[in-house]
Amino acid sequence: MKKTNPAAQKATLAKITLAGGLLAAPLVALGLAQPQAALAQVSDNVVRIAVMNDQSSAYSDTSGRGSAVAAELAIQDAGGKVNGLPVELLVVDHQNKADIGATQAKKLIDVDRVDALFDMANSSVSLAVQEITRQAGKVVVHVGSAHVDLYGKACSPTGALWLYDSHALAKGLAHAIYGAQSKNWFMIVADYAFGHAMQQDMTKTLEALGGKVSGAVRHPLGQADFSSFLLQSAGSNTNVLALLNAGADTTNALKQAGEFGVTGKGMVVATPIFTIVNAKAIGPQLAQGTQFLAGYYWDADDASRAFAKRFAEKMKRPPTHTQAGVYSAVNHYLKAIAAAKTDDGPQVMRKMKELPVNDFMTKNASLREDGRLMRDMLLLQVKKPADVKGEWDLAEVRGVAKAGDTIRPLAEGGCALVKS
């Protein structure tokens, strides 16, 4: 699979491996489309989608190329086409910059004639792209982004939030961890839209429970040295250290917390956005006991293990829940096009909301009118080193956070699409 040159900001067509080992780039070249196509209302007689995310820096391991691979698997499972018309995939690196993401989204829509965009994995980019796709009437499904405004004040008739959000993560994790010995929290916060939303929602949830925020500090994306922040947390009478960041920032902060002895004195670590990639990078010795919420864990059941095996054939490791979520979103989108018999954005999104979402990580979930997928989340905990039985046997399922208990109620979001 070719990757976009960030400097040139050009989307490139991904090569999709089809059953039987054939490579298609593009699929039209293999003669899968006919002049008199079955879907007369599909533009260009091609269903063209794009995965847009960080392919080269802080979030590239938890999203990145793996999200593109997950999209390829979803396209494969559709047979490489929808009702006789080929599906093409483009992959773009937005470099975690909202202005670049907005420019790329315009090019994908206006020049490359893309019908739908997936992932983003950065809330600032997601908010910018949401406006571009709203104006163009194109579908956008945010998978690795968490800002609540995406299904609230900034909701769109063609937008969906697929995996998690700051309100659900804050409420689910705070309720799971909060207790008599876990009342005082210190927050290390990523200084951009996602981190700000997480801090606000976590603080509100804790105060409602009777807890207290002992202190909070913010850091730029890509922070390398967390020592001064960690020393502040150690001196603040803290029971819980909440790392309200993601990707490499979470890995670095948690590594250093262990190295400085901050987490070895009975302090609980709460990481709203955490994956097995983070756990592997840190190692169970330092990460043990870390609790987090995830929409998918590779060893949760037989269906999860089966998908992880297919993914690992391409990526040499199991998927993160963001990468699995991209498969889920693309899979549902292609089903909706087949049912709607068009790639028109508003019509496809309406069909996505009508159809129940069912796949290896999602059971009979519904997409609400504000674009929020009502998905349960797993409560996971990193295992002790003695309990680890294999390279990626890093966590255990401790419970389930139900969508109805954690996701913000429909009437409270301020989405203009919600009927009063």
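Reader: What are helix 11 and helix 12 to each other, roughly parallel or roughly perpendicular?

Author: Helix 11 and helix 12 are roughly perpendicular to each other. Angles of 65 to 115 degrees count as roughly perpendicular, under 35 as roughly parallel, over 145 as roughly antiparallel, and the rest as oblique. Please note that this is a predicted model, in which local features need pLDDT of at least 70 and side-chain atom pairs count only at pLDDT 80 or more, while totals for chains, interfaces and linings use all residues. Residues are numbered from 1 along each chain as its sequence is written, and side-chain values use heavy atoms, with hydrogens and water left out.

Reader: At what angle do helix 11 and helix 12 pack?

Author: Helix 11 (residues 321–340) and helix 12 (residues 345–354) pack at an angle of about 110°, and their axes are 8 Å apart. Axes are lines fitted to C-alpha atoms, for helices over the stretch in contact, and the angles run from 0 to 180 degrees between N-to-C directions. Helices (H or I, at least four residues) and strands (E, at least two) are DSSP runs, numbered from the N terminus.

Reader: Which residues in helix 11 and helix 12 meet?

Author: From helix 11, the residues are H332, Y333, A336, I337, A339 and A340; they meet V348, K351 and M352 in helix 12. Contact means heavy atoms within 4.5 Å. The residues of this contact divide into 7 nonpolar, 1 polar and 1 charged. Here Ala, Val, Leu, Ile, Met, Phe, Trp, Tyr, Cys and Pro count as nonpolar, Asp, Glu, Lys and Arg as charged, and the others, Gly among them, as polar.

Reader: Which residues of helix 12 are buried?

Author: The buried residues of helix 12 are G345, V348, M349 and M352. Buried means under 20% relative accessible area, exposed over 50%, and partly exposed in between (1.4 Å probe, protein chains only). Seen down the axis of helix 12, these residues fall within an arc of 100°, so they line one face of the helix. The arc is that of the directions from the helix axis to the C-beta atoms.

Reader: And what do the buried residues of helix 12 pack against?

Author: They pack against strand 8, strand 9 and helix 11.

Reader: What lies in the loop between helix 11 and helix 12?

Author: K341 lies in that loop. K341 has a positive phi of about 60° although it is not a glycine. At 47% relative accessibility, K341 counts as partly exposed. K316 also deserves mention: its phi is positive, about 65°, although K316 is not a glycine. K316 is placed in the loop between helix 10 (302–315) and helix 11, and with a relative accessible area of 68% K316 is exposed.

Reader: Changing topic: how many disulfides does a search of the whole structure find?

Author: The search finds 1 disulfide, a disulfide being a pair of cysteine sulfur atoms within 2.5 Å. The disulfide joins C155 to C415, with an S to S distance of 2.1 Å. C155 lies in the loop between strand 8 (139–142) and strand 9 (159–161), and C415 in the segment after helix 13 (403–406), so the pair ties together parts that are 260 residues apart in sequence.

Reader: Why is the disulfide right-handed?

Author: The torsion about the S-S bond of C155 and C415 is about 90°, so the disulfide is right-handed.

Reader: Is C155 buried or exposed?

Author: C155 counts as buried, at 5% relative accessibility. C415 counts as buried too, at 7%.

Reader: Where does S67 lie, and what does S67 touch?

Author: S67 lies in helix 1 (residues 64–77) and is buried, with a relative accessible area of 0%. Leaving aside residues up to four places away in sequence, S67 touches V51, N53, D119, T322, Q323 and V326.

Reader: And where is D359 found?

Author: D359 is found in strand 15 (residues 357–359). D359 is buried, with a relative accessible area of 11%. Apart from residues up to four places away in sequence, D359 touches S328 and N331.

Reader: Finally, how many helices and strands are there in the chain?

Author: The chain has 13 helices and 18 strands. Of its 420 residues, 58% count as buried. Among contacts between residues at least 6 apart in sequence, 70% join residues at least 24 apart.
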